[in-house]
Amino acid sequence: MVRIKHRYLLINILYPDPKSTSGRPATKPGDEVPYTVQFRRPSPDRMDGGVLTRLIRDGVAELYGDYGSGKVAGSLQVKYFSQATSTAIVRVSRDYYRLVWAALTFATRLPNPVGQSCVIQVVRVSGTIRKSEEEAIRRARLSIRRAEAAAKSSNAATAGLAAATPQLLSTEDDDADMINGIEDPDDPRDIEEDLDDDEG
Amino acid sequence: MPFYDLNVPWSTPNSELPRTLSFLAESYLIEPNADADVCAVGYNVVALNFTITGKLPTNFACAIPDPLPFVVPSKLTVLRRLTLVLTTPVNNAALTQLASSYDILAVRPVDEKSLLLAATSLDSDIVSLDLTQRLPYFFRFKTLAEAVKRGVRFEVCYAQGVGGDAVSRRNLIGNVQGLIRASRKRGLIVSSGAASAGACRGPWDVINLASIWGLGQERGYEALSEEARKVAVTARLRRTSYRSVVNVVYGGEQAAKSDKKAEIREKGIQDVQEKRKVHVLDDTSPAESEKPVSKREQKRRRKAELEKHAETKGSVVTPDHTKM
């Protein structure tokens, strides 16, 4: 029985440019919005899963031509898109996920109805959509906490909150662990020969 | 696993720079208590790069002010780097003098002759080529291997290729392929060269690009973290210690000399202390393999040496065999 295996890429869309319009709610005038919040602002209204799909398909076509488009077209789908957190989960076939990943890396601006420059960062690659979802939830929580800490420290000018929460940075680097990095390891049942010749 | 981005162009005026640095800085994944103005793409160490073309300036001071004129994200370490474009021939003495006020020295050859010069005789830490141009020559294994043996690393900058220009992208990919092939995947580092925040990419995205271009996931990860770290550490050693071997840590009454790192290979420098064995590895790691020595660790070592010295005579320091 041949099952089509997929990879689910969890991506963040970051907006590196300063906001041109000053329609920022709930900030006092003269209050500097910290970069954290600026880079991860919600996507523009016109942005949705369809725009993202178009972005990816065009990117793959530009980078890999008809070959790439053909390889990737069948299984490419944006499974989840959140405008508020500018996060998306994209499904790709397992053999060619690197192509799509590269196309995302090379994307510099969102296509026309939206037309904003962006940086797309792939945050997690996993074989099941569930893992990607969990990661998305975890990150959303983290960023809320971070934004709260930012607001508090800019108001009260104390590092109290920041200092209180424990440092979870692992100082013991296990390089073997990091080789896979953000990719979830394969399920032992799913290991098969890698058909992709591109990888060195 | 700290990620290094050793090429963030510096220029005055630099209105984009604080934004770019914030964009590059690390805060994501694990820590829930990140500082206010740190944002996540994922780098820990960044080097600001100041480029000089043509004649060397007479003023040898560092062009990048210290401290920096804007707020730097707190988790980010900022190094200062100088890139010299080799349009005119340069000699080593002038280079070392210039380099002493910066943390890292890089050299940008413009043709095959200057590439040969940079790889074989010039005393720089990085050789950086403009890979978005069509290069009229091929990379040769001999040249690159010799350079890597001396401790010089070759740099790939991805920002111009990612920027959107199809021709640069094609040239970049082709040249990187040639570089990877000729260098046998060793001795490469990847950096951004990003003039604005929009040209930066996350470290894992860059590693993925490198693996598509032929470097492979493991080597790509090394290129971004380990190799870059080696560059930074070797550069520092070259500047602070005597021929990268001996560094006086505690110059007190006992005059204890301590050996900072066990790296000797590229320069082929002989051991200064009699009883130590020289461990020459054919591997291209110029500094201690696992971790950079933290201040606490340095203090501990100093203490250990002093105690040891109190027991034994002379300044014999046992080599650290674990660092292989």
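**A helix and its charged side chains**

Modeller: Arg138(A) and Glu135(A) lie 3 residues apart in helix α4 (residues 129-156) of chain A, so about one helical turn separates them. Helices (H or I, at least four residues) and strands (E, at least two) are DSSP runs, numbered from the N terminus. Before we go on, this is a predicted model, where local features need pLDDT of at least 70 and side-chain atom pairs count only at pLDDT 80 or more, while totals for chains, interfaces and linings use all residues. Residues are numbered from 1 along each chain as its sequence is written, chains are lettered from A and ligands numbered from 1 in the order in which they are written, and side-chain values use heavy atoms, leaving out hydrogens and water.

Back to our pair: Arg138(A) and Glu135(A) form a salt bridge, with their closest N and O atoms 3.1 Å apart. A salt bridge here is a side-chain nitrogen of Lys or Arg within 4 Å of a carboxyl oxygen of Asp or Glu. Arg138(A) is partly exposed, at a relative accessible area of 33%, whereas Glu135(A) is buried at 6%. Those words have cut-offs: buried is under 20% relative accessible area, exposed is over 50%, and partly exposed is in between (1.4 Å probe, protein chains only).

Glu135(A) also meets Arg139(A) in a salt bridge of 3.2 Å, N to O. These two are 4 residues apart in helix α4 of chain A, so again about one helical turn lies between them. Both Arg139(A) and Glu135(A) are buried.

Strand β4 (residues 119-126) of chain A runs antiparallel to β1(A), joined by 7 bridges; two strands pair if DSSP finds at least two bridges between them. Gln121(A) in β4(A) is the bridge partner of Asn12(A). β1(A) also pairs in the antiparallel sense with strand β3 (residues 87-93) of chain A, over 7 bridges, and there Tyr8(A) stands opposite Arg91(A). In strand β1 (residues 6-14) of chain A, 9 of the 9 residues are buried, so the rest of the structure largely encloses it.

For comparison, the structure holds 15 salt bridges over all chains. One of them joins Asp125(B) and Arg238(B), with the closest N and O atoms 3.5 Å apart. That pair links distant parts of the chain, 113 residues apart, and both residues are buried.
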